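Thanks for coming. I will take the structure piece by piece, and the display comes up now.

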Amino acid sequence: MERLRTPFFLMAMAAAGLIVLVEIGATWLIGGALPATELTGAAGDLGVAVPGGGAIEQPTGLALKYLALVDVIPLFVVGLMGVGLLLPDRIEGRAQSIATLVASIVLILTSIVLLIVAFVLLILMVTLLLAFPFGTIAYLIIWGHFPRGQAAAVLALVMFLKLVFAGTLVAAQPRFIQNKGLVLLVLTSLVANLLVAFLHALVPIVLVSILDAIAAIVLAIIAIVWGIVLLVGAIFGIIAAVRATASSALDVDLVNAVQRVT
Amino acid sequence: MIRLRIPIWSRLTRVQRILLGVVALIVALFVLTVGLGGNRADVNLAEPPAFVERLGSLFGGPPAVEPADVGGDCIAPDPSPSASPAAGPSPSVEPSPSAGPSPAAGGQAPDGRRRVVLGTCVLTVAGRDVDVRELRLTAAGPVRVEAPVPRSDETATKELAAGDELKVSVDSGGASITLVCMAANICAVNVG
């Protein structure tokens, strides 16, 4: 069996970390103010005048940040593998199971809260958009000018980092590609990226914020599903560890008893 | 002749090769999606696309402003409190100082909604813990409505002709809505 090539593995870990950092930091990478005149035409089309001109801030959206909910899982998995290199085998299995249990519970709870946040925001957006014309103007000011180009640039960067992650992981240990769970995780991450890009491109720019919120909801659900998978795996791992400990303790007791008899 | 040899490829199973193909497909679709630049069609927001309408009907529209939440200094005493006992304190309007008193000020139509605007009137809607509510106004004469844009510092104005109906969206912070008669000193608006 080939050895793990540590430099490539460290590169994979770094890429996974960068992916999550870029996604969380997307708030500072995209958005910005638009000239006040941007709203004048749209307001005129609605038969409404906005004397102030409308100070428009481009929305940062939710989906880019919510991608981190999915991409934090590969980071966690390679992090566990990395820690496994440092810990002795006897401790590694138990530590991994307990860490996975805690992390999966945190992931599920966080995803549920963020799912509710995205859902409430989606309801608010749709309600305002349909509350013609004052609500529609409010929607236009707050969410009507999604920075699709900037979001696409961030998504492209994230996609590149994900390919680097996948490539360096395989370069570190080609047998990783035989790990179906890991492959599914990477595929889920790539599909999530594609989904967000597709939903951002699907509708005219005025409506992108609504599909962005829908993408965020889908991402939160994907994260919950993966969180449940991790949770079940961690529970089985802990049960196996407890059984192994109990049986080894029983073995020791039997050996001691036999020694006493003989 | 140089022969390209991919060591991993030969060791992969059929399923793994398919998975690698799927990765390539995802990347190709991503490049295509981003490369095309997205949908640039114009949208008539007065008639939003069907999927937005469907989402709207799924979530339900915003609730109406409670009559008790509509008030302000311009409210005239309700001439017949028993006319709409379920409505509570009725919405009303403030006569402008120059317009002078009128017997019709603060009057109520048989449908329980009508109020008379004299010159300029400011309706105040109290804040509530509801993201968006709607106040329905129906103009009986030409009226200009000035209202704050929900969740924004901006103010928007809309001119109504006789018979036009307007739903003013109000956020949780409440609003001050100014009604100005355009054609004469006296005009009527149905509120609520």
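Predicted model: local features only at pLDDT ≥ 70, side-chain atom pairs only at ≥ 80, totals over all residues.

Let me begin with contacts inside chain A.

What does chain A consist of? It has 9 helices and 2 strands. Along the sequence the pattern runs α-α-β-α-β-α-α-α-α-α-α. The radius of gyration of chain A is 25 Å, well over the 18 Å that the globule rule gives for 262 residues, so chain A is more spread out than a compact globule. Along the principal axes, the C-alpha atoms of chain A fill a box of roughly 100 × 35 × 25 Å. Of the 262 residues in chain A, 46% are buried.

A word on confidence. Chain A has a mean pLDDT of 88, and 94% of its residues reach 70 or more. Which elements of chain A have the lowest and the highest mean pLDDT? Helix α3 of chain A, residues 38-45, has the lowest at 71, and helix α1 of chain A, residues 6-24, has the highest at 95.

Next, the nonpolar core. The largest one holds 123 residues. The members that touch the most other members are Tyr66(A), Leu67(A), Met125(A), Ile137(A), Ala216(A), Leu219(A) and Ala220(A). Helix α9 of chain A, residues 208-261, gives the most to this core, with 14 residues.

Take Ile137(A) from that list. Which residues is Ile137(A) in contact with, leaving aside its neighbours within four places in sequence? In chain A they are Ala43(A), Leu46(A), Val48(A) and Val50(A), and in chain B they are Val149(B) and Ala156(B).

Now Ala138(A), which sits in helix α6 of chain A, residues 134-143. Is Ala138(A) buried or exposed? Ala138(A) has 26 C-beta neighbours inside 10 Å, and the cut-off for buried is 20 or more, so Ala138(A) counts as buried. Not counting residues up to four places away in sequence, Ala138(A) touches Leu128(A) in its own chain, and Val149(B), Pro150(B), Arg151(B), Ser152(B) and Ser169(B) in chain B. Ala152(A) is 14 residues from Ala138(A) along the chain, and their C-alpha atoms are separated by 25 Å.

Phe132(A) and Pro133(A) are joined by a cis peptide bond, with omega about 0°. Pro133(A) lies in the loop between α5 (89-130) and α6 of chain A.

One of the partners of Ala138(A) in chain B, Arg151(B), also has a backbone feature. Its phi is near 55°, a positive value in a residue other than glycine. Arg151(B) is placed in the loop between β5 and β6 of chain B. With 19 other C-beta atoms within 10 Å, Arg151(B) is partly exposed.

That brings us to the interface as a whole.

Going through some of the pairs, β1(B) and strand β3 of chain B, residues 120-125, pair over 2 bridges, and Gly71(B) has Thr124(B) as its bridge partner in β3(B). β3(B) and β8(B) pair over 6 bridges, and there Leu123(B) is partnered with Ile177(B). Strand β5 (residues 143-148) and strand β8 (residues 175-181) of chain B pair over 4 bridges, with Val145(B) opposite Leu179(B).

That is where I will stop.

Notes
Residues numbered from 1 in each chain as written. Chains lettered and ligands numbered in written order. Pairing = 2+ DSSP bridges. Buried ≥ 20, exposed ≤ 12 C-beta atoms within 10 Å, placed from the backbone. Contact = placed C-beta atoms within 7 Å. Rg over C-alpha atoms; globule rule 2.2 N^0.38 Å. pLDDT = per-residue confidence, 0-100. Core = buried A, V, L, I, M, F, W, Y, C linked by C-beta atoms within 7 Å.
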